[in-house]
Each structure stands twice: as structure tokens, then as C-alpha cells.
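Biologist: I would like to learn how to read charged pairs in a model. Please take me through them slowly.

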Amino acid sequence: MQEQKLPFIILAGSPDKRDKLMEYADVAYKTEIIINGKSMITRILEAIRDSDAYSYIIISGIPSERVFVPDGIPDNKLEFFLSEGDQIDKIIDAANFLLEKGKNDPAIFPSDRK
């Protein structure tokens, strides 16, 4: 039986106000913090890629030009999404965006049902 693939939403935004961790690391987004030579967002993307369990990836909250996308993630399987508002509003917006994408591309929500 083939492993079920799922869409991923990576929440990569930052609070409106910089906190002490962001100040210390001198970053605009916490996912830009470098850990052992790579940003957290790059490490997350590598883990998703290496799992081979994804059908689609949405990165919400950080502009694409601030993210290094590792090799092996096709452009047609990755999209960036920015929204405004409270954290819960951003989460709902990203989920709704993913559902809308799925209406036009059924491969985003693959099913092994026959």
C-alpha cells in the first residue's frame, strides 16, 4: 500500500513586535534563525521533503525572497501565502487558501479510495 501524501501549511510569520529572541538573533522572522548553519525554515522544508509525505506545501507569513528552498521540492508543489490580522485569522486564511487550491488541483488532497 502506498503511503498517503498530505498538504502541509508552514506557519512562518512573526509577531507584530520583535521579541528578545528575534532581537538577539537579529532576524525579522523567527524561522530565519540559523541553527547549525541553516535557517529553521530550510530545516523544516528539508524534513518535509525527506519524508516524501507531502502533496503540496504552503508557507504562510514570510515572503518568498526570505526563504532558501532546498533542492528536491518542485516549484509546482510549493506556494507562499501572506495575510494580515491576528494569528488565528492568519491560520484560517492559510487553511482556506489551501482548500481553494485543492478545488482546482485534486492532487493536493490525494485519496487512495477507489
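Modeller: We will go through some salt bridges and then look at one glutamate.

Modeller: This is a predicted model, in which local features need pLDDT of at least 70, side-chain atom pairs count only at pLDDT 80 or more, and totals for chains, interfaces and linings use all residues. Residues are numbered from 1 along each chain as its sequence is written, and side-chain values use heavy atoms, with hydrogens and water left out.

Biologist: What is a salt bridge, and how many does the structure hold?

Modeller: Side chains of opposite charge can pair when their charged atoms come close. The term salt bridge is used for a side-chain nitrogen of Lys or Arg within 4 Å of a carboxyl oxygen of Asp or Glu. The structure holds eight of these.

Biologist: Which residue forms a salt bridge with E23?

Modeller: The partner of E23 is R18, and their closest N and O atoms are 3.4 Å apart.

Biologist: What parts of the chain does the pair of R66 and E32 tie together?

Modeller: First, the pair itself: the side chains of R66 and E32 meet in a salt bridge with an N to O distance of 2.8 Å. R66 lies in the loop between strand 4 (54–60) and strand 5 (78–81), while E32 lies in the loop between helix 1 (20–25) and strand 2 (34–35), so the pair ties together parts that are 34 residues apart in sequence. Helices (H or I, at least four residues) and strands (E, at least two) are DSSP runs, numbered from the N terminus. E32 is buried, with a relative accessible area of 15%, and R66 is partly exposed at 39%.

Biologist: Where do E100 and K103 lie?

Modeller: Both are in helix 3 (residues 87–104), three residues apart, which is about one turn of the helix. K103 counts as exposed at 61% relative accessibility, and E100 as partly exposed at 44%.

Biologist: Which residues does E84 touch?

Modeller: Contact means heavy atoms within 4.5 Å. Not counting residues up to four places away in sequence, E84 touches D89, K90 and D93. E84 sits in the loop between strand 5 and helix 3 and counts as exposed, at 70% relative accessibility.

Note on methods: Buried means under 20% relative accessible area, exposed over 50%, partly exposed in between (1.4 Å probe, protein chains only).
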